[in-house]
Amino acid sequence: MPFRLLVPLGLLCSLLPLHQGAPGPDGTGPDPAYYRERVKAMFYHAYDSYLENAFPYDELRPLTCDGHDTWGSFSLTLIDALDTLLILGNVSEFQRVVEVLQDNVDFDIDVNASVFETNIRVVGGLLSAHLLSKKAGVEVEAGWPCSGPLLRMAEEAARKLLPAFQTPTGMPYGTVNLLHGVNPGETPVTCTAGIGTFIVEFATLSSLTGDPVFEDVARVALMRLWESRSDIGLVGNHIDVLTGKWVAQDAGIGAGVDSYFEYLVKGAILLQDKKLMAMFLEYNKAIRNYTRFDDWYLWVQMYKGTVSMPVFQSLEAYWPGLQSLIGDIDNAMRTFLNYYTVWKQFGGLPEFYNIPQGYTVEKREGYPLRPELIESAMYLYRATGDPTLLELGRDAVESIEKISKVECGFATIKDLRDHKLDNRMESFFLAETVKYLYLLFDPTNFIHNNGSTFDAVITPYGECILGAGGYIFNTEAHPIDPAALHCCRRLKEEQWEVEDLMREFYSLKRNRSRFQKTISSGPWEPPAGPGTFSSPENHDGAREKKPAKQRIPLLSCPSQPFTSKLALLGQVFLDSS
């Protein structure tokens with residue numbers, strides 16, 4: 001008998017009244033200008049509460065009006081909120097915070113930090129702020145965006161994470177000590193997302209600094225996960241990074257897996273990498289074949305495809321937005337509407353929702369003000385203009401303010417059934433939730449630029465186009481300008497060319513006869529053996545092979561003068577195109 005989902009009638013009824021709010025200009029839907037101001041007020045209530053009560057700690061405790069360190073003692077909320085300040089138009093506070101972070105944040109500390117969280121929140125936040133600095137009126141140093149204090153901070157933080165990748169599989173540990181590296185007794189079990197969520201930040205860092213090590217380790221981790229998928233094309237939830245064996249074999253699109261799929265798509269777009277997109281599309285087929293039922297996505301056993309958990313997790317609500325990025329709008333909207341019914345039932349998304357029963361799962365009834373459904377609404381509204389998506393934004397503003405607003409910020413909702421609160425305001429509330437709400441209601445924001453305007457920037461490596469749009473959000477909603485990856489690429493190309501010349505020089509010196517053979521038969525390749533670059537485990541070998549693939553980037557032409565280029569959505573085209 002086929003598994004079929006029945007949606008209870010109660011799902012269609014909201015426990016909270018639907019707020020009409022201010023009507024739009026046509027009188028039919030929420031007024032974007034009105035809700036834009038409401039969202040801005042939400043941001044400053046939370047942000048000011050953090051500054052007054054919690055800084056320099058990582059996060060605010062809104063019920064006791066104090067702060068605590070959560071992910072590493074980085075003043076995390078300040079880093080996470082920095083680019084949101086610019087998106088809201090506050091350039092003076094952006095400039096002030098940049099100075100504060102330079103003076104106060106230190107990564108050379110004896111702290112055990114999450115590799116995943118430090119990457120998406122700290123490295124991603126600093127990279128985004130670095131690339132937006134000039135737009136925010138910060139006086140940037142010569143060589144920007146290929147240099148700058150925020151870039152150096154991002155690089156320092158990322159280097160603290162590199163020891164985690166030194167495993168037999170190339171898949172990283174989940175935790176690293178920022179001063180001492182991986183602790184001797186550290187567990188080798190890491191979630192899938194904790195392995196596959198680095199390519200956006202690390203490839204950006206490699207492109208800006210010219211050091212390929214970051215992109216190299218991120219790609220190796222992605223490939224090891226790809227090679228570890230089951231015969232039916234699914235990946236599990238947790239894996240042993242020393243042995244490569246799956247520890248948790250539940251397959252789905254939610255917690256523990258989610259941003260791995262997200263980064264295959266976003267990495268493919270950011271880097272114009274067809275292989276990454278092909279990998280995701282293969283996963284997408286398996287996901288639809290084995291986990292999708294009536295436009296819901298369940299959890300299944302990764303080797304058999306049998307249902308293991310018929311639940312919807314709030315973290316899965318990013319999926320419709322991801323579907324929109326690959327043009328699958330119809331399926332995205334149907335799934336979004338399923339998730340929206342859950343929101344209307346509770347005034348938020350519970351962490352776990354039992355789909356057949358139409359109710360929360362015990363001990364998973366909370367809503368920590370997550371952004372994922374709002375994120376999908378923002379993407380889908382840009383793609384469709386469907387007013388239903390603005391209604392979700394309206395409901396989110398009204399629900400969050402009604403349930404979670406307290407004197408010192410906004411509190412995590414511990415239980416959506418009775419609206420009990422918890423004493424925490426996650427930094428992602430300012431980095432993601434408020435940002436996506438604001439962008440949903442602000443169609444003319446610079447983030448939505450369609451390529452009609454851009455900035456020409458002089459770098460040591462030529463003229464560079466920035467700010468043309470096409471921003472790629474990392475999984476913490478930190479926007480990365482894809483055009484920036486082309487600004488400093490010549491540095492990397494020249495570095496590889498010098499290395500190639502040096503290797504050739506010493507090879508010729510050792511064996512002139514081989515050089516004569518090379519002249520007549522084509523380009524010389526070093527033989528396999530000790531001291532050469534044939535081993536996939538040899539890092540220098542990865543650098544040796546990479547130039548052949550990337551020396552002519554897919555959509556950039558470094559040798560062309562600026563006058564022969566036109567930038568559109570971060571992509572570079574020739575006059576002849």
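Helices (H or I, at least four residues) and strands (E, at least two) are taken as DSSP runs and numbered from the N terminus. The structure is a predicted model, in which local features need pLDDT of at least 70 and side-chain atom pairs count only at pLDDT 80 or more, while totals for chains, interfaces and linings use all residues. Residues are numbered from 1 along each chain as its sequence is written, and side-chain values use heavy atoms, with hydrogens and water left out.

The chain contains 19 helices and 25 strands. Of its 577 residues, 58% are buried, where buried means under 20% relative accessible area, exposed over 50% and partly exposed in between (1.4 Å probe, protein chains only). Contact is defined as heavy atoms within 4.5 Å. Among contacts in the chain between residues at least 6 apart in sequence, 69% join residues at least 24 apart.

Confidence is expressed as pLDDT, the predictor's confidence in each residue, from 0 to 100. The chain has a mean pLDDT of 86, and 80% of its residues reach 70 or more. In residues 1-20 the pLDDT is below 50, and this stretch has 42 contacts in the model beyond near neighbours in sequence. The pLDDT is also below 50 over residues 513-577, a stretch with 92 contacts beyond near neighbours in sequence.

A nonpolar core is a set of buried Ala, Val, Leu, Ile, Met, Phe, Trp, Tyr and Cys residues joined through side-chain atoms within 4.5 Å. The largest such core has 162 residues, of which Phe202, Phe261 and Phe429 touch the most other members. Helix 4 (residues 115-132) supplies the largest share of this core, 10 residues. Apart from neighbours within four places in sequence, Phe261 is in contact with Val235, Gly252, Ile253, Phe280, Tyr283, Ile287, Tyr318, Trp319 and Leu322.

Aromatic pairs were searched over the whole structure, and 29 were found. Rings of Phe, Tyr and Trp (its six-membered ring) pair if their centres lie within 6.5 Å; planes under 30 degrees apart count as stacked, over 60 as edge-to-face and the rest as tilted. The pair of Tyr35 and Phe441 is stacked, because the ring centres are 5.5 Å apart and the planes are at 25°. Tyr35 belongs to helix 1 (residues 32-53) and Phe441 to the loop between helix 15 (428-440) and strand 20 (455-459), so the pair ties together parts that are 406 residues apart in sequence. Tyr35 is buried at a relative accessible area of 0%, and Phe441 is buried with a value of 0%. Phe261 also belongs to a cluster linked by ring pairs, together with Trp226, Tyr260, Phe280, Tyr283, Tyr297, Tyr318 and Trp319.

A charge sits over a ring if NZ of Lys or CZ of Arg is within 6 Å of the ring centre and within 35 degrees of the ring normal. Arg229 lies over the face of Trp226, 3.6 Å from the ring centre. The charged end of Lys135 is placed over the ring of Phe446, at 4.8 Å from its centre.

Strands of a sheet pair through backbone hydrogen bonds, either parallel or antiparallel. Pairing is assigned if DSSP finds at least two bridges between two strands. Strand 18 (residues 412-415) and strand 19 (residues 420-422) are antiparallel, with three bridges, and Ile413 stands opposite Leu421 in strand 19. These strands form a hairpin with four residues between them, and His419 in the turn has a positive phi of about 65°. An open sheet of three strands has the order 8-11-12 and antiparallel pairing. Its edge strands, each pairing on one side only, are strand 8 (250-251) and strand 12 (307-309). Strand 8 is joined to strand 11 (residues 299-301) by two bridges, and Ala251 stands opposite Val300 in strand 11.

Most residues other than glycine have a negative phi, and most peptide bonds are trans. A cis peptide bond with omega of about 10° joins Phe55 and Pro56; Pro56 lies in the loop between helix 1 and strand 1 (59-61). Trp144 and Pro145 are also joined by a cis peptide bond, with omega of about 10°, and Pro145 is placed in the loop between helix 4 and helix 5 (149-161). Asp294, which is not a glycine, has a positive phi of about 50° and is found in the loop between strand 9 (292-293) and strand 10 (296-297). Asp294 is partly exposed, at a relative accessible area of 33%. Ala477 has a positive phi of about 65° and is found in the loop between strand 22 (472-473) and strand 23 (479-480). Ala477 counts as buried at 0% relative accessibility.
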